[in-house]
Amino acid sequence: MKMVRIATLLGALGTLVVLVWPPAPAQDLRLARLAYRAGDLDQCLRLARRAVALGRGSLALRLDSLGLRARAALDLGRSDMARSYLDRMLALDPNQARAYLMRGSIRLRMGEATGALADLDRGLALAAGAKGRSIPFLASYYARRGMANLALGRLEPARRDAGLARRSDPRHPEGHQLSSKIEEKRKRWREALIEAELAFDLAQRKDSFFFTSSQGQRWMKRLVWLRLKNKVDPIHPFRGQ
Amino acid sequence: MERDNSMLAVVVGGMLLALALGAALGWLRYWLGLFVIAQGAVAGLLLPWLLGRLGPCRPALAGHPGCAGALGLAGFWSACFLAGQALGLGLAQPWFDPLGFVSRVLAGRSSEFVFGVAATGGIHRALAQGARDGFWVVLNLLDLGIMFIFLMVTTWNREGKSKGQAAPPAAAPPEAAS
């Protein structure tokens with residue numbers, strides 16, 4: 001009799017939960033996207049996970065959920081988690097250009113140039129062949145592939161990628177940063193400085209707080225180093241021009 | 001099995017139950033959101049009840065610890081409940097980071113979904129939104145306050161008997177002078 005009472009109570013509680021919070025995967029995912037746009041990454045993760053909880057949702061919904069979670073985890077500084085989400089995404093559908101591109105960027109950041117190059121190559125090939133949904137920020141992925149090539153000492157493919165990145169979006173800072181690094185490898189310090197100045201200026205125009213980010217700090221250090229290399233006053237670089 | 005009716009058993013039993021209940025409600029809180037005041041009321045009433053039903057001791061039999069004692073124990077169990085909630089919340093997260101979540105909410109960079117019923121000027125309306133920084137702190141203090149009050153007043157029985165027990169025999173009236 002006691003077990004019957006307990007089972008009835010638990011059943012009633014379960015029914016209440018389902019009635020008050022009816023399962024709505026599509027709505028949860030829409031709210032997760034809004035939360036990501038608003039910068040609320042914890043809510044984005046929670047809602048994106050809730051959308052596919054208990055094995056609900058179609059394949060497209062599960063892919064979207066994993067993609068959102070990967071982006072949120074990456075923004076929260078958890079590259080390992082982002083990578084595992086992307087691995088799961090690619091296990092579900094091996095033709096996801098975005099997943100390859102994101103995983104390639106993460107691997108590049110983790111210092112795995114060979115793996116990054118393979119992922120970025122595959123992602124860019126899939127993106128070029130994709131019809132309908134275009135991939136935004138393609139210039140940055142060309143630039144990242146160039147960085148991977150540069151890390152592997154392949155100067156000519158890196159230069160080609162820098163050209164592709166700048167053609168894709170001439171105002172994208174990463175393309176110019178890549179060009180600067182290529183010029184640095186070729187020991188053309190003046191050209192390297194000009195490209196680095198341009199890259200930093202474009203990044204700063206896109207985001208006024210870029211200089212406070214870890215990437216901004218790295219770029220700034222390199223810029224000062226290049227100014228010193230070119231015997232330019234690092235504090236007042238344009239004095240006398 | 002004989003029940004241990006010492007005060008120590010009440011304190012430790014309450015602590016373990018507060019941790020377990022906190023973890024369960026923390027896990028639910030992550031997935032469903034915080035039902036302000038209702039969560040505190042449920043936890044504040046469920047914990048003394050569970051302590052009486054499942055715990056090693058009926059608190060009433062251990063005697064009333066006095067006002068300061070009841071206050072201190074309610075505070076201690078509330079702290080254990082909060083620790084349990086952090087644990088449950090962390091276990092529900094994709095990776096265990098309850099303090100990181102709280103710090104982001106306090107900094108206004110994240111939010112927690114809260115819902116409840118609010119009354120302003122006699123008009124009642126449902127409330128369902130993301131709470132952050134100061135507002136989140138106020139709502140949590142409100143919820144915790146309700147739980148604290150329930151823990152303080154519903155655990156103990158001043159007469160030294162639990163509800164199901166018979167009252168101790170009344171003292172025999174003094175013999176009337178013949």
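## Around Leu86(A) and the nonpolar cores

Setting aside the neighbours within four places in sequence, Leu86(A) is in contact with Ala70(A), Ala99(A), Met102(A), Arg103(A) and Ile106(A). This description, like everything that follows, concerns a predicted model. Leu86(A) also belongs to the largest nonpolar core, which has 37 residues, and together with Leu68(A) and Tyr85(A) it touches the most other members of that core. At least two residues of this core come from each of the helices H2 (25-37), H3 (41-51), H4 (59-75), H5 (79-92), H6 (97-109), H7 (113-129) and H8 (138-151) of chain A. Among the contributors, H4(A) provides the largest share, with eight residues.

Apart from this core lies another one, of 18 residues, and its members include Leu17(B), Leu73(B), Ala74(B) and Met147(B).

## The make-up of chain B

Chain B contains six helices and three strands, and along the sequence these elements follow the pattern α-β-α-α-α-α-β-β-α. Of its 178 residues, 39% count as buried. When contacts in chain B between residues at least 6 apart in sequence are considered, 76% of them join residues at least 24 apart.

## The sheet and its hairpin

The three strands form an open sheet with the order S1-S2-S3 (chain B) and mixed pairing. Strand S1 (34-35) and strand S3 of chain B are the edge strands, each pairing on one side only. Strands of a sheet pair through backbone hydrogen bonds, in either a parallel or an antiparallel way. Strand S2 (residues 112-120) and strand S3 (residues 123-131) of chain B run antiparallel and are joined by nine bridges.

Within this pairing, Ala119(B) stands opposite His124(B), while Val117(B) has Ala126(B) as its bridge partner. The hairpin of S2(B) and S3(B) has two residues between the strands, and in this hairpin Gly121(B) takes a positive phi near 60°.

## Salt bridges within and between chains

Side chains of opposite charge can pair when their charged atoms come close. Over all chains, the count comes to 23 salt bridges. In one of them, Arg132(B) pairs with Asp40(A), with the closest N and O atoms 3.8 Å apart. This pair crosses between chains, from the loop between S3 and helix H6 (133-154) of chain B, where Arg132(B) lies, to the loop between H2 and H3 of chain A, which holds Asp40(A). Arg132(B) is partly exposed, at a relative accessible area of 32%, whereas Asp40(A) counts as buried because its relative accessibility is 6%.

Inside chain A, Arg222(A) forms a salt bridge with Glu184(A), and their closest N and O atoms are 2.8 Å apart. Arg222(A) lies in helix H12 (residues 214-229) and Glu184(A) in helix H10 (residues 173-185) of chain A, so the pair ties together parts that are 38 residues apart in sequence.

Definitions and conventions. Residues are numbered from 1 along each chain as its sequence is written. Chains are lettered from A and ligands numbered from 1 in the order in which they are written. This is a predicted model: local features need pLDDT of at least 70, side-chain atom pairs count only at pLDDT 80 or more; totals for chains, interfaces and linings use all residues. Side-chain values use heavy atoms; hydrogens and water are left out. A nonpolar core is a set of buried Ala, Val, Leu, Ile, Met, Phe, Trp, Tyr and Cys residues joined through side-chain atoms within 4.5 Å. Buried means under 20% relative accessible area, exposed over 50%, partly exposed in between (1.4 Å probe, protein chains only). Helices (H or I, at least four residues) and strands (E, at least two) are DSSP runs, numbered from the N terminus. Contact means heavy atoms within 4.5 Å. Two strands pair if DSSP finds at least two bridges between them. A salt bridge is a side-chain nitrogen of Lys or Arg within 4 Å of a carboxyl oxygen of Asp or Glu.
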